[in-house]
Amino acid sequence: MTMKYKDNPQAVADLVRPAEVHRDLYIDDEVFELEMKHLFASTWVYVGHESQVPNAGDYFATEVAAQPILLARHTDGEVYVLHNRCPHKGTKIVIDRAGNTGKFFRCPYHAWSFRTNGKLLAIPLKKGYKDTGFEQSEAGQSGLPPVGAVKNYRGFIFVRMKQEGISFEDFFGGSLSSLDNMIDRSPVGKLEVAGPPLRYMHSCNWKMLVDNQTDTCHPMVAHESSAGTAVEIWESLEKDENTKTPMAMEVIAPFMSPYEFFEDMGIRTWPNGHGHTGVHHSIHSDYSAIPGYLEMMAEAYGEERAKAILGENRHNTVYFPNIMIKGPIQQLRVFIPLAANKTLVESYIFRLVGAPDMLLERTAMYNRLINAPTSIVGHDDLEMYERAQEGLHCQELEWVNVQRLYEEGEDLDLEAVENGTTERQMRNQFHAWKKFTVESMEAEARDLADA
């Protein structure tokens, strides 16, 4: 197979134009391998929440940049993020997604064991390595290697796979305000993952899911058969003035809001591919008040601050490259790329520590109605993704258009607030994709030349 993109940063850069991107970003296996190696390894990627490993010996296994990794809580109370790979023969140390390993990890192949901070603990028949130079070997020195850098931001754990690169603060900048708002909705400023995630395999490229988080021109079209039908039935029922709108209808009805609703809600973008819909209002703005919640918040933060926290109704916040959060309902979705045409989605919900349980009830209902494998809304999106994944193989058209409300000279390195139907956030993501992927490729080329 002829390599078009490997060792060719210019060819990769040419895939992104100011207002359109080449279809190979979505369908080419070589591009997928490069973006795992360079984009996902160079940027800060969400791994998990500290509440998933509350006790010493707890672990959680996942994948970042197509590499198996695990989070582990060590006896010193810290969470370590390690490569899930025995330095001996390469065997994965754990295969369950989560569990408790006790005081050490034990490789199931030859029983090499490791402390929960990754340090090599013991090797059976170690005398066989005497005078072999084992201590100087990679296997003798590495244990379970840590990832390049780890940041625990108020319980949310991010990693940068590379040892050197952009700092956490410089990468996320002002976008951390969305995460802060979700956490501050707890009267004690603390979240906990509530149960295992809902997992949902998508036969499409991961970027289609990320693009869709700020695409506000599709809900009233793609979801007409599901949300539209539910709204139509609800409106046809006989009701009197005392009839309370069910929680499920409050959740699903806003998906059928008109274009003007989404235009007015606004989109904010930050540098490095981050952004959110719902600057002025969102589909979460008109949920019923939960009895006693505002009073709890006012007691914790003061009335003015409490109203400011709860007055934020950001819709979807994209933390590029791979997660989306919904602050008002404490939901986080992780998009885990498995291949150019396959993405695993994990949808987590969080409990607001110290807040009324009814908030978690609404969050769980939203997750199951909208984003679950059995949801009635998520399937609408999946069908569109799969149609696009197939359609992009058409030889007559090579480019995907993201030109809506584009202006020549657009500066994506500046924070901006624009019309809620703009595709600026998509352009922002591709700008970041190009920046980090190409920079890493060029750095690798320089290192090879200097070697």
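Two strands pair if DSSP finds at least two bridges between them. Helices (H or I, at least four residues) and strands (E, at least two) are DSSP runs, numbered from the N terminus.

This is a predicted model, in which local features need pLDDT of at least 70 and side-chain atom pairs count only at pLDDT 80 or more, while totals for chains, interfaces and linings use all residues. Residues are numbered from 1 along each chain as its sequence is written, and side-chain values use heavy atoms, with hydrogens and water left out.

Strand E5 (residues 67-73) is largely enclosed by the rest of the structure, because 5 of its 7 residues are buried (under 20% relative accessible area, 1.4 Å probe, protein chains only; exposed is over 50%, partly exposed in between).

| Partner of E5 | Bridges | Residues between the strands | Positive phi |
|---|---|---|---|
| E6 (residues 79-83) | 5 | 5 | Gly 77, near 90° |

Tyr 59 stands opposite Ala 72 of E5, and Arg 73 has Val 79 in E6 as its bridge partner.

**Ser 347**

Ser 347 belongs to strand E20 (residues 342-352) and is buried, its relative accessible area being 2%. Beyond neighbours within four places in sequence, its contacts (heavy atoms within 4.5 Å) include Pro 197, Leu 198 and Arg 333. Its side chain makes polar contacts with the side chains of Gln 331, at 3.1 Å, and Asn 367, at 2.5 Å. A polar contact is a pair of N or O atoms within 3.5 Å; within protein, one must be able to donate a hydrogen and the other to accept it, and residues adjacent in sequence count only if both atoms are side-chain atoms.
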